[in-house]
Amino acid sequence: MAFDQPTRNRFQRFVTDARRALEEEFTRQLQNDYGLDPVSGTMAPLESLRHLNDQGRETARILRDTLAHYCADPGTDAKSGLDRIVREQAFTVLNRLAALRMAEARGLLIESVGNGYQAKGFQLYARLAGTGLGETGDAYRVYLHGVFDELSEDLPSLFDRYSPQGRLFPREAALIQVLDLINHGEIERLWAEDETIGWIYQYFNSKDERKAMRDASQAPRNSRELAVRNQFFTPRYVVEFLVDNTLGRLWFNWTGGQTGLRDLCQYLLVKPDEKPEPAKRLRDPRTIKLLDPACGSMHFGLYAFDLFLEIYREAWEWQQAHGSGCLDTEIGGSADMKPLSQCYADQAAFTHDVPRLIIEHNIYGVDIDPRAAQIASLALWLRAQRAWYEAGVKAKDRPQVGRGHVVAAVAPPAEVELRKRFMEELAPLDAELFEKTLFLLKGLPELGVLLQVEQELPALVRAVFGEHGDLFRKEDMVQWHKAEARLREALTDYARAARSTYQGRLFAEDALQGLRMIDHCREVFDAVVMNPPFGALAAGTKAQLVKAYPRSKNDLLAMFVERGLDLMRRGGRIGAITSRTCFFLSSFQKWREEVVLGIARPEVMADLGYGVMDDAMVEAAAYVLEKQA
């Protein structure tokens with residue numbers, strides 16, 4: 001196995017060493033160059049930084065705007081805000097370098113990080129550029145920035161050098177140290193594995209850090225603690241078991257068992273001669289939606305990608321055999337969705353586009369940790385690149401992948417003055433809708449998908465537009481989409497406008513993430529798969545959660561299962577790995593009777609015991625429920 005225990009131990013040492021090197025480097029940069037001290041939480045006046053050139057002063061200003069944006073949250077002081085900046089800069093740089101290393105292994109990128117300064121791509125670039133870029137270290141930095149800029153077209157969340165998480169870059173000594181760690185022979189083979197980026201996310205927060213959080217408080221005290229304390233990597237066999245018996249089983253049923261998934265899915269529980277009644281019309285694969293509501297590094301989505309490749313292939317063959325109208329685009333599709341045969345000249349053109357279709361149509365993810373959303377988007381993009389690489393599609397011929405459906409459940413922007421300034425540019429009703437929408441999203445970083453925004457939305461829009469006739473009917477939310485589109489456009493323009501400060505850009509981007517989260521909660525999913533957080537509720541959201549989920553109020557895992565069922569269509573399937581105690585403790589009785597056996601029906605279960613989720617001291621069970629009501 002690629003990631004057996006000795007390999008994981010070695011890789012954990014690599015991540016720990018790389019994080020330490022980068023955090024020490026960026027702490028020194030903040031202190032010595034930019035007048036910001038993460039140790040004491042103090043900040044020197046911008047005008048005192050006379051040693052900086054214009055570019056350095058611009059970076060210093062942006063770092064201060066970023067800090068002000070973080071500190072607008074009442075729970076964040078200057079020291080914790082600066083700690084967050086250091087942590088996020090280190091995480092982003094490590095992810096960028098690792099992503100390039102993984103891209104090299106997939107034939108997407110000429111060697112750029114492998115072998116460091118001797119990398120083939122850099123050597124070619126250095127010969128063409130000559131001595132105009134200065135010393136080798138300076139030239140290599142410019143080269144990497146050029147690579148980042150090119151990749152930011154596909155992955156702006158990771159490679160945008162002007163994002164708040166990616167403003168800093170290590171100086172030569174620290175960069176060489178990290179490159180040596182990345183290129184160590186003992187981890188060389190791991191850059192070809194899809195799971196590698198997930199293990200970076202898993203090990204970036206140490207076991208000691210999680211233990212300190214638990215020792216300080218029984219319940220998580222904020223969204224970061226909730227994310228870190230529940231960060232447990234799901235083993236591959238559990239991922240396959242759950243995806244096989246949710247997404248795999250749905251396709252098996254719809255095709256009447258006439259699918260290659262019977263052989264591809266090794267954990268799909270079907271009888272040897274089982275032939276279910278097929279659907280009257282097979283679902284167009286573009287309409288099938290899978291959600292991981294606590295996606296982490298998107299481990300479930302990576303395996304689901306494999307199944308979707310086969311599903312798309314079979315759908316094309318099905319359509320060729322039965323005619324263009326045989327695939328159903330009405331369930332889960334849009335009114336203007338054309339049959340696949342009308343979108344592509346032939347099967348080769350269709351197959352060429354399938355990896356892009358999967359990311360843009362099928363796989364959805366939410367996480368309360370923005371770093372997880374960054375990793376998850378990268379993981380899916382790399383998986384698409386591997387699919388093209390294995391199909392022999394050259395990098396220049398691969399279609400650009402649009403924005404996928406991975407969302408970070410970030411806090412709505414808290415800057416009162418910026419909110420007022422932005423609202424002054426809106427029509428009065430749109431301004432009121434925007435303000436009420438931000439209030440609706442309060443608590444999002446702690447609640448994620450548990451925040452039932454779609455249930456509150458009709459009442460909110462009627463409160464704003466109700467007196468103006470039948471503008472927002474409960475059964476017809478077309479006008480919400482129009483109002484939301486106006487808000488999106490206004491926020492995008494506000495972020496780009498010359499009059500907007502960098503802090504204004506951050507304000508607009510966080511508000512846009514909130515609108516994307518609302519869209520997610522209004523989707524109807526066919527499959528939900530997850531390794532949800534479990535245990536005590538955070539003090540700040542406990543009352544809200546108990547009121548919203550009276551049947552599941554004693555544990556986060558029960559709430560996530562109920563919420564997952566709530567977001568699915570009837571006949572959909574939810575797969576989860578959680579503590580097994582929810583199936584026999586008396587405190588879960590109402591949840592078992594009214595959720596598991598009420599609105600759902602258990603289909604399969606595996607009682608797994610201890611030691612399944614890395615260092616989580618819990619007896620685990622993996623199970624699948626089918627929604628009945």
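Colleague: In which loop is I110 placed?

Modeller: The model is predicted, so local features need pLDDT of at least 70 and side-chain atom pairs count only at pLDDT 80 or more, while totals for chains, interfaces and linings use all residues. Residues are numbered from 1 along each chain as its sequence is written, and side-chain values use heavy atoms, with hydrogens and water left out. Helices (H or I, at least four residues) and strands (E, at least two) are DSSP runs, numbered from the N terminus. On that numbering, I110 belongs to the loop between helix 3 and helix 4 (120–129).

Colleague: What is the phi of N115, and where does N115 lie?

Modeller: Most residues other than glycine have a negative phi. N115 is not a glycine, yet its phi is positive. N115 lies in the loop between helix 3 and helix 4, and its phi is about 70°.

Colleague: Is M298 buried or exposed?

Modeller: M298 is found in the loop between strand 4 (290–292) and helix 13 (299–322). Its phi is near 70°, a positive value in a residue other than glycine. With a relative accessibility of 0%, M298 is buried.

Colleague: How far apart are the closest N and O atoms of E25 and R28?

Modeller: A salt bridge is a side-chain nitrogen of Lys or Arg within 4 Å of a carboxyl oxygen of Asp or Glu. E25 and R28 are both in helix 1 (residues 5–32), three residues apart, about one turn of the helix. E25 is buried at 3% relative accessibility, whereas R28 is partly exposed at 36%. They form a salt bridge whose closest N and O atoms are separated by 3.4 Å.

Colleague: Which helices does the salt bridge of R419 and E435 link?

Modeller: The closest N and O atoms of R419 and E435 are 3.8 Å apart. The pair links distant parts of the chain, the two residues being 16 residues apart. R419 is buried, at 18%, and E435 is partly exposed, at 37% relative accessibility. R419 lies in helix 17 (residues 416–423) and E435 in helix 18 (residues 428–440).

Colleague: How many salt bridges does the structure hold?

Modeller: Some are joined up: R106, D194, R236, E240, D306, R383, R386 and E390 are linked in a network of salt bridges. The total for the structure is 49.

Colleague: Which residues have the most contacts inside the largest nonpolar core?

Modeller: A nonpolar core is a set of buried Ala, Val, Leu, Ile, Met, Phe, Trp, Tyr and Cys residues joined through side-chain atoms within 4.5 Å. The largest one has 129 residues, and its largest share, 13 residues, comes from helix 3 (residues 78–105). Apart from it lies another core of 69 residues, Y364, V366, A483 and F525 among them. In the largest core, the residues with the most contacts are F11 and F308.

Colleague: Which residue of strand 9 is the bridge partner of F525?

Modeller: Two strands pair if DSSP finds at least two bridges between them. Strand 9 (residues 568–579) is mostly covered, nine of its 12 residues being buried. Strand 9 runs parallel to strand 8 (residues 525–530), joined by five bridges, and antiparallel to strand 11 (residues 620–627), joined by seven. The partner of F525 in strand 9 is M568.

Key: Buried means under 20% relative accessible area, exposed over 50%, partly exposed in between (1.4 Å probe, protein chains only).
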